[in-house]
Amino acid sequence: ESIPDDVMDKIKQQRSAKKATELLHRLFIGQLEVEMSTSFDPSGDESIITLQKRCAERFFPHNLPSKGNIDPLIQLFQNNAVGKCTMQYRYLWSEIMSADAFSAFVDENGNIKDEVQDIGSRLRSKWVSAGSSVKTADAFESFRGRPAQADALVSRYEL
């Protein structure tokens, strides 16, 4: 017996909502982390709690940390303590590049393109083989002929 279409639709909607929430949370934590590392002045007028609130209001307004909740800051301090600086943005960019790279292999209908071997060879020679000899973004652009775009990730999660 198959799952009814209306149940499948609800499952897909819940998955999309969950992924959207995860992406927004990553953007919130990522922005907080970048601002703490680059422009935040501990001696300045803005407190670190105010910075957290400002970033949350921008990216995660529907789920703001409650007053006194510093869990996002603790998460960042723990990551930085073990050498995982700017972890959130790295993870998000790897997802964007992965989805964008995969989209090179499929057409607008989601079917694998006929030239899959040529695309795979270009992926290997332009992006993967570059290793750390060039910036990741430059190697990716060499493979795709353009910078990485988030459209494929957004589409993957049906957002």
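Predicted model: local features only at pLDDT ≥ 70, side-chain atom pairs only at ≥ 80, totals over all residues.

1. Residues are numbered from 1 along each chain as its sequence is written, and side-chain values use heavy atoms, with hydrogens and water left out.

2. Helix H4 covers residues 87-103 (helices are DSSP runs of H or I, at least four residues, numbered from the N terminus). Its 17 residues should span 24 Å at 1.5 Å a residue, and the end C-alpha atoms are 24 Å apart, which agrees; the expected span is 1.5 Å times one less than the number of residues.

3. Among the buried residues of H4 are Leu92, Ile96 and Met97, along with Gln88, Glu95 and Asp100 (buried means under 20% relative accessible area, exposed over 50%, partly exposed in between, with a 1.4 Å probe and protein chains only). Their cover includes H1, H3, H5, H6 and H7.

4. In H5, Ile119, Gly120, Leu123 and Trp127 are buried. Seen down the helix axis, they fall within an arc of 100 degrees, so they line one face of H5 (the arc is that of the directions from the axis to the C-beta atoms). These buried residues pack against H4 and H6 (contact means heavy atoms within 4.5 Å). Gln117, Asp118 and Arg124 are exposed on the face turned away from the buried side.

5. Valine 7 sits in helix H1, residues 5-38, and counts as partly exposed at 35% relative accessibility.

Methods. Helix = DSSP H or I, 4+ residues; strand = E, 2+ residues; numbered from the N terminus.
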